[in-house]
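Subject: Structure for your files

Hello,

Here is the structure I said I would pass on. My notes on what was found follow below it.

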Amino acid sequence: MNPQIRNPMEGMDRHAFNYNFENEPILYGRSYTWLCYEVKIRKDPSKLPWDTGVFRGQVRPKLQSNRRYELSNWECRKHVYFQPQYHAEMCFLSWFCGNQLPAHKRFQITWFVSWTPCPDCVAKVTEFLAEHPNVTLTISVARLYYYRGKDWRRALCRLHQAGARVKIMDYEEFAYCWENFVYNEGQSFMPWDKFDDNYAFLHHKLKEILRNPMEATYPHIFYFHFKNLRKAYGRNETWLCFTMEIIKQHSTVFWETGVFRNQVYPESLCHAERCFLSWFCEDILSPNTDYRVTWYTSWSPCLDCAGEVAEFLARHSNVKLAIFAARLYYFWDPHYQQGLRSLSEKGASVEIMGYKDFKYCWENFVYNGDEPFKPWKGLKYNFLFLDSKLQEILQ
């Protein structure tokens, strides 16, 4: 990735943090991205970070001489902007991969970055996540880079598709960075003017960018999240693949497909089912049209989502919903069982995904590279077990 592996810095000074992490939506002169990172090992009893540090975008080595100061400001910036291998994200990936970390351990990586990654860096990050299924990545950003540009908006969606969490830094995260990555000389973090307004604007803008469904997901995500294990540890979010048809007289018209996943916002956790309903109600739903919607979900709906979906179906008799779930969420809990029954009572069809359903999702919702679906050991046995449990619940 990088021509040279560079070690991280331990921290940054107060001026660098205040100047580069200011959350004003539009800022000039911030030519480099700063990246503070934290790497943790999941299920580590100490719960301490495995490593922390700071990277900043590099100037190309041949410019790191006195001649650099003879170049115009634009020429220096151009060498950095158009050389993605020197961006802070690439510096981190080269350093992380160069450590040859054990594949049997699961790593949680958090980035606190001054700018969102550029499209070239996003391409490398998605490759990295695909090659390292034992890694999860959360990216908390101070500002959105070129958020009006289509390529940059698509890049954020692509990160989201690849399984990375992308969010806007809030006060607690700025304060955390100040305490852990800044030589603060004992001073407390002081937010900038209009901090709350800037955060609200950026948060709304990112939510707007990510609210639409994704086209598809990636193989490693599909195999990890849709595997129909009886005990699925580490699967802490729901992925939802959907098809939507419009019913016209006695025929149906294939209308829309896509993928949703959980979204995390400071004020609420927006589960995949809620993401679908929000998008569907705001962008699609018409009282004069009949719809047939099919969900393929990695988990059956939680109690709250089941209630909301049941209420939605009760209000909109023109929508027919079929839910195929890879796994049952807390199927032994009477409250969650009642949630599934309420869905069935309001007209939803609830079933367990079988081999044909997994194969259909692989062929229609996964960037599969023309590779065939490879069923995992125990798929049929687990289907029979989960199906019997669901029938007991619904009878």
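Helix α4 (residues 119-131) lies across β4 (107-113) and β5, at about 150° to β5. Contact here means heavy atoms within 4.5 Å. Helices (H or I, at least four residues) and strands (E, at least two) are DSSP runs, numbered from the N terminus. Axes are lines fitted to C-alpha atoms, for helices over the stretch in contact, and angles run from 0 to 180 degrees between N-to-C directions.

This is a predicted model, in which local features need pLDDT of at least 70 and side-chain atom pairs count only at pLDDT 80 or more, while totals for chains, interfaces and linings use all residues. Residues are numbered from 1 along each chain as its sequence is written, and side-chain values use heavy atoms, with hydrogens and water left out.

The sheet: 5 strands form an open, mixed sheet in the order β3-β2-β4-β5-β6. Two strands pair if DSSP finds at least two bridges between them. β3 (51-56) and β6 (165-168) are the edge strands, each pairing on one side only. On average, neighbouring strands are turned by 20° against each other, direction ignored. β5 (residues 135-141) pairs with β6 in the parallel sense over 4 bridges, and S140 stands opposite K167 in β6.

α3 and α4: these helices pack at an angle of about 25°, with axes 10 Å apart. That makes α3 roughly parallel to α4 (angles under 35 degrees count as roughly parallel, over 145 as roughly antiparallel, 65 to 115 as roughly perpendicular and the rest as oblique). Their crossing is left-handed, meaning that the near helix is turned anticlockwise from the far one by less than a right angle; clockwise would be right-handed. E89, M90, L93, F96 and C97 of α3 meet C121, K124, V125 and F128 of α4.

W95 also sits in α3 (residues 88-98). At 7% relative accessibility W95 counts as buried (under 20% relative accessible area; exposed is over 50%, partly exposed in between; 1.4 Å probe, protein chains only). N7 is 88 residues from W95 in sequence, yet their C-alpha atoms are 6.6 Å apart.

α10 and α11: the axes of α10 (residues 303-315) and α11 (residues 334-345) come within 9 Å and cross at roughly 20°. The two helices are therefore roughly parallel, and α10 passes α11 in a left-handed crossing. L303, A306, V309 and A310 in α10 meet H335, Y336, G339, S342 and L343 in α11.

Regards
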